Each structure stands twice: as structure tokens, then as C-alpha cells.
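Subject: Handover of a structure, with notes

Hello,

Here is the structure for your files. My notes on what was found follow below it.

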Amino acid sequence: MRGFHALVSSPFALAATGLALAAFMAFVLPLPDFSGAIVAGDGSAFDLDFAYTVEEAFERAAAFEGAEKAAFVRAHWTWDLAYPLVYGAFFLCAWAFALERLAPGSKASRAAPFLTLAAPLFDLAENAAASVLVSLAPARDGTAAFASRAAVLATPAKWIAVGACFAGVVLLFAALGAKALRRRFAGWASGSGGGPGVHS
């Protein structure tokens, strides 16, 4: 476990996952097989709204017709399977990197980064539920009913978790920046004999 923590909290892991996420967002998200496939012809989608009702979930599933169904499922088990793994790895490494430098060796620096795994897990749950629902549409009972409820729960949970992870990155790196500034100021103050205008 220590070896894994040392890896994910390293500058190399942060840089590698950050570059992978940037490349995915720049080159993969715009692809028609990804962004186009998750939206039905009438504009319906599961992934893009913060929340929706069970009835709306059924309506969105029914909006995918013919080849759109197959494209939707394929996108969620190819590109949209990879995407949560990519941003999840970045969040994990970013939190681990920052916390290890803010509180080196602490329990928080080792445990808290794993909270970021909630975001990709909820995203994958949403993908699975939406894929089943679209595949079974226009069915509304049995497995389809279960999938609709799962999707209704997973989608807002995903967005809340992603938002919390992103906010954590911003706050943690702001704290790192403040810590670096304090160190620089302390070094400058001690090196100048207590501050500007003081000479020995």
C-alpha cells in the first residue's frame, strides 16, 4: 500500500494523469461516436443533466430508436467506460499529491484520496443503468423499472461527487500555493534580518 501511495502521490503520476485527461477532453469527447451517440435525435440524454425523474428516464430511453440504441450502448461501454477511469485517476493523483505535501505521512494523506473513487463509480453505475434502460425501451417494468431508479439515483450522485472532487483539487492546490508563499516569505524575512529596511 505504501508503494501504491508513493506512486499516486508522485509528480510523475500527477503529470501523466493530467495530460491523459486533457488529451481525452480535447480529442475524444468531441468525437461523434462519443458525444453524438449519448444524445438522442430529439436531444434527450442521461449524462448531461444534473437530475431527472423516473418518468423522464423512461421518456429519454424511448427517444433512442433503431441504430441510436446500439450506438448509445456502444459509446457507454467504450469511450464512456474509459472516461471515468481517466478523470478518476487524475482526481486520485491530484488529491494524493497535494495531501502528501500538506500533511506528509498522515492518515488523511493516505485515506482521503480514495474518496475520489466515488465519482467514477457513480458514473459507471449511471452508464450501466442507462444502457440497460435504453436497450429495453420502451419496456417500463421488471429490469427496466429497476434500471430507471438506479439511473435516477446515480446521475445526481455522479455530479455531486465530480463537483466535490474538482472543488477538492482547487482548494488543496490553493493551500499548497499558500504554503509555498509562506515558506518563501519566511525565508526572505529571515534572510533579510527581519524585514525590509533592517540591516546589520
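What volume does the largest pocket have? About 460 Å³. Two or more lining residues come from each of helix H2 (11-28), helix H3 (32-36), helix H6 (79-102), helix H8 (118-136) and helix H9 (143-191). By type, the lining holds 14 nonpolar residues, one polar and five charged.

Before the rest, the conventions. This is a predicted model, in which local features need pLDDT of at least 70 and side-chain atom pairs count only at pLDDT 80 or more, while totals for chains, interfaces and linings use all residues. Residues are numbered from 1 along each chain as its sequence is written, and side-chain values use heavy atoms, with hydrogens and water left out.

The terms used above are as follows. A pocket is an open set of points on a 1 Å grid over the protein atoms alone, where a 1.4 Å probe fits, with protein on both sides within 12 Å along at least five of seven lines; lining residues have an atom within 4 Å of a point. Points are joined across faces, edges and corners, and the volume is the space filled by probe spheres set on them. Helices are DSSP runs (H or I, at least four residues), numbered from the N terminus. Nonpolar covers Ala, Val, Leu, Ile, Met, Phe, Trp, Tyr, Cys and Pro; charged covers Asp, Glu, Lys and Arg; the others, Gly among them, are polar.

Salt bridges

The count is three salt bridges (a side-chain nitrogen of Lys or Arg within 4 Å of a carboxyl oxygen of Asp or Glu).

- Glu-126 pairs with Lys-158, with 3.1 Å between the closest N and O atoms. Because Glu-126 lies in helix H8 and Lys-158 in helix H9, this pair ties together parts 32 residues apart in sequence. Glu-126 is buried at 0% relative accessibility, and Lys-158 is buried at 4% (buried is under 20% relative accessible area, exposed over 50%, partly exposed in between, with a 1.4 Å probe and protein chains only).
- Arg-60 and Asp-49 meet at 2.7 Å, N to O. Arg-60 is in helix H4 (residues 54-63) and Asp-49 in the loop between H3 and H4, 11 residues apart. Arg-60 is buried at 12%, whereas Asp-49 is partly exposed at 34%.
- Glu-55 and Arg-140 meet at 2.9 Å, N to O. Glu-55 is in helix H4 and Arg-140 in the loop between H8 and H9, so parts 85 residues apart in sequence are tied together. Glu-55 is partly exposed at 38%, as is Arg-140 at 42%.

Individual residues

Leaving out residues up to four places away in sequence, Glu-126 touches Phe-46, Asp-47, Ala-154, Thr-155 and Lys-158 (contact means heavy atoms within 4.5 Å).

Ala-129 is also in helix H8 and is buried at 7% relative accessibility. Beyond its neighbours within four places in sequence, Ala-129 is in contact with Ala-147, Ala-150 and Ala-151.

Which side chain of opposite charge is nearest to Lys-179? Glu-100, at 9.6 Å; Lys-179 is buried and has no salt bridge (Lys and Arg count as positive, Asp and Glu as negative; His and the chain ends are not counted). Lys-179 lies in helix H9 and, with residues up to four places away left out, touches Arg-101 and Leu-102.

Regards
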